[in-house]
Amino acid sequence: MKYNFNEIEAKWQNYWAEHQTFKAENNSDKPKYYVLDMFPYPSGAGLHVGHPLGYIASDIYARYKRHKGFNVLHPQGYDSFGLPAEQYAIQTGQHPAITTETNIKTYRRQLDQIGFSFDWSREVRTSNPEYYKWTQWIFIQLFESWYCKVHEKAFPISELIALFEEQGNYTLNESCNESVDLFSAEEWNSYSSEKQQEILLNYRLAYLAETEVNWCPALGTVLANDEIVNGVSERGGHPVIRKKMTQWSMRISAYAERLLQGLDTIDWTDSLKESQRNWIGKSVGASVSFNVNDHDEVIEVFTTRPDTIFGVSFMTLAPEHDLVSKITTEDQKAEVDAYIEATAKRSERDRMADVKTISGVFTGAYAEHPFTKEPIPIWIGDYVLAGYGTGAVMSVPCGDQRDYDFAKHFNIPIPNIFEGVDISEEAFGDKDNTIIANSDFLNGMNYKKATKRAIYELEQLGQGEGKTNYRLRDAVFSRQRYWGEPFPVYYVNGMPQMIEQKHLPILLPEVEKYLPTEEGEPPLGRADVWAWDKKNNKVVSNELIDNENVFPLELNTMPGWAGSSWYFFRYMEEVANRDGAFATEDALKYWENVDLYIGGSEHATGHLLYSRFWVKFMHDRGFVGVDEPFKKLINQGMILGTSAIVYRLSFYGCQGQRNKYGKDTVGDNLNKVFLSSKYIDEIERIFSENKLDKEFRLTLRRSKLNNGLSHSNTNILNNLSDLLFSITTENTTQISIGMNSFQNLYSDVSFINASDELDIEAFKNWREEFNDAIFIGENGEIIENNNDVYKVGREVEKMSKSKYNVVNPDSICEQYGADSLRLYEMFLGPLEQAKPWNTAGITGVHGFLKKLWKLFVDDNGLKVNDVEPTKDNLKTLHKTIKKVEEDIENFSFNTSVSTFMIAVNELTAQKCTSKAILEPLLVLISPYAPHIAEELWNRLGNDQSISTAPFPKFEEKHLVESSKNYPISFNGKMRFTIELSLDLSKEDIEKAVMAHEKTIAQLDGRTPKKVIIVPGKIVNIVG
RNA sequence: GCUGAAGUGGUGGAAUUGGUAGACACGUUGGACUUAAAAUCCAAUGUCCAUUAGGACGUACGGGUUCAAGUCCCGUCUUCAGUACCA
């Protein structure tokens, strides 16, 4: 009986679906375990073999945990709002919902055929109204909250209002925008409701503010920093400019410290935590105010080195700094304006790339040193960034290399305030070995002490204080797009108002076109029915807007990360109970948070930071019990494609006589010629051995080679010469060939066999331009009727359509089966590592599955019986149990596949037919190759799914050995092995080894200086 | 620049605590079966020297510690990912 994987896999996929085998229970005596994948955006291209890698790993873990007696939640869904469907809608007019639905169908079919143990009954889609209702609800909660820095916690805004009414804002410490003025309780109470709302906006965690944004005119939308790659939009590569706009923002900066501290409580990789730490960018130091001479202005700076305050010899402002225009003197105005204009023209990209050029201008103004009262010249320079800190720095050239370079360049004095340090060549930045000098009351102190003292003195003067700065900026939350969550917001006199929870969801309106309006409004500006009737609590036609009862609704939509910041809670709730809340209290309490999260590292500073922020907020407000969403996180590495490259001659150098009609037919066939990769390697070798310039051309002449080169192998060129002349017309007398004579073209990888040989017929028929191609093969033949083979060059790079290296899982499943695909993806290498896909290798794991099958079934049917297992059988089984269990716990799935292969090879050699061995083996394999495991399990007479079977128990006693094959080394080099009993003492081992004939031969009469014996491991003889 | 990860046969990769480097698989070569191909099975396969026996070299490069180093320490180079001229 053959291993008919197609039939088996379809059978069990249907069985699992029908029996809801993987449905999680919210009431269970078992311990819970929540395994989650980053849900996919359903793109039109469907899945390629790289996508399921993480899903396969998480599925193995989920299935393993079920065997281990856990109640496992392993759901899946779709991040179904997003730009591609909208772009498609703009091009074709098809509603994004339809595109999305179609794509989801494809995804589901592809996912199903791989045999995942997802609980689809809990599926979520972020674009479903029943889902985004709760995204809108969370947004409202954020709007209705403020952050108290004293309690490090968010509270309802109503409590802040109560505080304002009682004591104004003089005494409060809360996270708010910088611009808020101080007011007393009386003043607050006297403000109009509008003014109060305006003030409150500065405190809300979701707030409306004018922000500088990355505006992409071509897409008509704002982009996040991580959506911009090299200064152009990630999608489409359009230019991006900076622009001020009124936008919804999220006050994630309030949570900077907690997001940082929380990293210590979760099991993520160091590199990922480090990314987040860098992104949050905490630096501890002081803020210092410098009074500007002859002005009322004060320059605020942030510094991490207040201890170097006496080393300040100038100040530098960002060219965009507000004070620049106020303090610049008449004399310097022209120069300053010119500089500002020049900077504005340079893109952010230019400014960042060009680190070496030092530029700046003196403003003519001076600030006063807080302690010495000396005047300090104020400069502007583009190395100071407006967006970080206060956009101004106190420059200490002796302690900071950039300040040093700037001072040197403009001949500004560089006072030395470090004891015993030479600063004639470069700045001294080593704060751990610093002793301060020439600094009044700081003299003789180290960095730590001087910092404390400087801050103390600044505080006495009222010109500074200790301060912690974070790089993390508030996150812009508005997108000028159609296919996203609409805001539950309408405007009364320009002030945003929330729609009450009971009227949610606010459904996305219909529009005729999905483009921004001609006036530059977002696509929702095209909706005719997009106004809020406050009396009747419903969305009504825009014509009814009267700004008394009917008001305009928000035109922006939410960004992609809104829906993905909380979806893991939605899965916790069974569909039947989903209406009343985003998840019930019981469900949240039972499932808590995600135990294992698997996904790509590209979300390190986006999704993974935003969802932590939302969860912390929801925790503060008591909506959830946990304050971190993902306990353990693993990033799967990318699966790369192995492109196949064919080399086409592309000629510039042919000479000869014209034909009798005077027509130039010289070499006219050569541009159809493809050379096998051997020739390319050889020619490259000849070029490098002779140190030839890339432009050099080898000259091939008819019937003789004349290139004047000394190299080891001219045969290949002679042979090539013969071949090429046989292809060209009679008139060709000379062919020049160089490194640039080859055009590297991609072949579709499906035309390549396991030995890198091209299927020439398939390639010729692939595209018209290749129909009459001529191939020169590895053995120096012009290929006709399989007389030679053509080998392609291979290159590992990202899978992409244009490189024809994309492999689709559908064809793999059809040809080898889902179990082979699953095993092979794991077998490729460590989960977290990037690795190339090469379909050729899949025969290895496929062959393994066939061997496994044959262990159970032969031509007469099932051959498993109740015979007593042998010692060897038991040893193999228990060795395998131990290794596989350790591997799964360590996410080392590649090595367990090898372990299975070894086990099956051994059991085959042992001719094992014992059910006591083979049945537990199936359970071990079932997380990896569930279909074949179910089938054989079923054939062994089990009527329950194998997924309910307990994981086999490892028993040490079967692995206990009585003897060991000792490696005997001489001076650390292993020479031979000796089989010795493990009971022997050190002395006995030494005796046995020294008496052995091979030892005597090896020593050749010498007496060893020393014999190292590690019982059970090794013997090393020195001397 | 900084941070993080990595560098092992022709290829993907093993070696989890310093103890037989190259497991497992692909590919290659030879053989069996077959009219033939596919499939399957058997054997060999790090490099070099040697008919054999055996030997030398070998985990990016240069040093070091150790009876023993892919693994630990110091220095250098290369690749990949992230990032911020961050005061």
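A nonpolar surface patch is formed by Ile1012, Val1014 and Ile1018, with about 190 Å² of accessible area together. The structure is a predicted model, in which local features need pLDDT of at least 70 and side-chain atom pairs count only at pLDDT 80 or more, while totals for chains, interfaces and linings use all residues. Residues are numbered from 1 along each chain as its sequence is written, chains are lettered from A and ligands numbered from 1 in the order in which they are written, and side-chain values use heavy atoms, with hydrogens and water left out.

Patches are made of residues with over 30% relative accessible area and no salt bridge; like charges are joined within 9 Å, and nonpolar side chains (Val, Leu, Ile, Met, Phe, Trp, Tyr) within 5 Å. Accessible areas come from the Shrake-Rupley method with a 1.4 Å probe, and for residues only the protein chains shown count as cover. Isoleucine 1012 belongs to strand E39 (residues 1010-1014). Helices (H or I, at least four residues) and strands (E, at least two) are DSSP runs, numbered from the N terminus. The relative accessible area of isoleucine 1012 is 35%, so the residue is partly exposed. Buried means under 20% relative accessible area, exposed over 50%, and partly exposed in between (1.4 Å probe, protein chains only).

Salt bridges were counted next. Side chains of opposite charge can pair when their charged atoms come close. A salt bridge is a side-chain nitrogen of Lys or Arg within 4 Å of a carboxyl oxygen of Asp or Glu. The structure holds 41 of these salt bridges. In one, glutamate 257 meets lysine 282 at 3.0 Å, N to O. This pair links distant parts of the chain, 25 residues apart: glutamate 257 is in helix H9 (residues 256-262) and lysine 282 in strand E10 (residues 282-292). Glutamate 257 is buried, at 19% relative accessibility. Lysine 282 is partly exposed, at 36%.

Other salt bridges lie within a helix. Aspartate 337 pairs with lysine 333, with the closest N and O atoms 2.9 Å apart. The two are separated by about one helical turn because they are four residues apart in helix H12 (residues 330-345). Aspartate 337 is partly exposed, at 36%, and lysine 333 is partly exposed, at 40%. Glutamate 935 forms a salt bridge with arginine 939, at 2.8 Å between the closest N and O atoms. Glutamate 935 counts as buried, at 4%, whereas arginine 939 is partly exposed, at 31%. Shared partners also join Lys23, Asp119, Arg122 and Glu574 into one network of salt bridges.

Lysine 764, in helix H22 (residues 760-766), is buried yet has no salt bridge. The nearest side chain of opposite charge is glutamate 761, 4.5 Å away. Lys and Arg count as positive and Asp and Glu as negative; His and the chain ends are not counted. Beyond its neighbours within four places in sequence, lysine 764 contacts Phe770, Asn771, Ala773 and Phe775. Contact means heavy atoms within 4.5 Å.

Aromatic pairs number 79 in the whole structure. Phenylalanine 310 and phenylalanine 441 form one that is edge-to-face, 5.5 Å centre to centre with 75° between the planes. Rings of Phe, Tyr and Trp (its six-membered ring) pair if their centres lie within 6.5 Å; planes under 30 degrees apart count as stacked, over 60 as edge-to-face and the rest as tilted. Phenylalanine 310 is buried, at 11%, and phenylalanine 441 is buried, at 17%.
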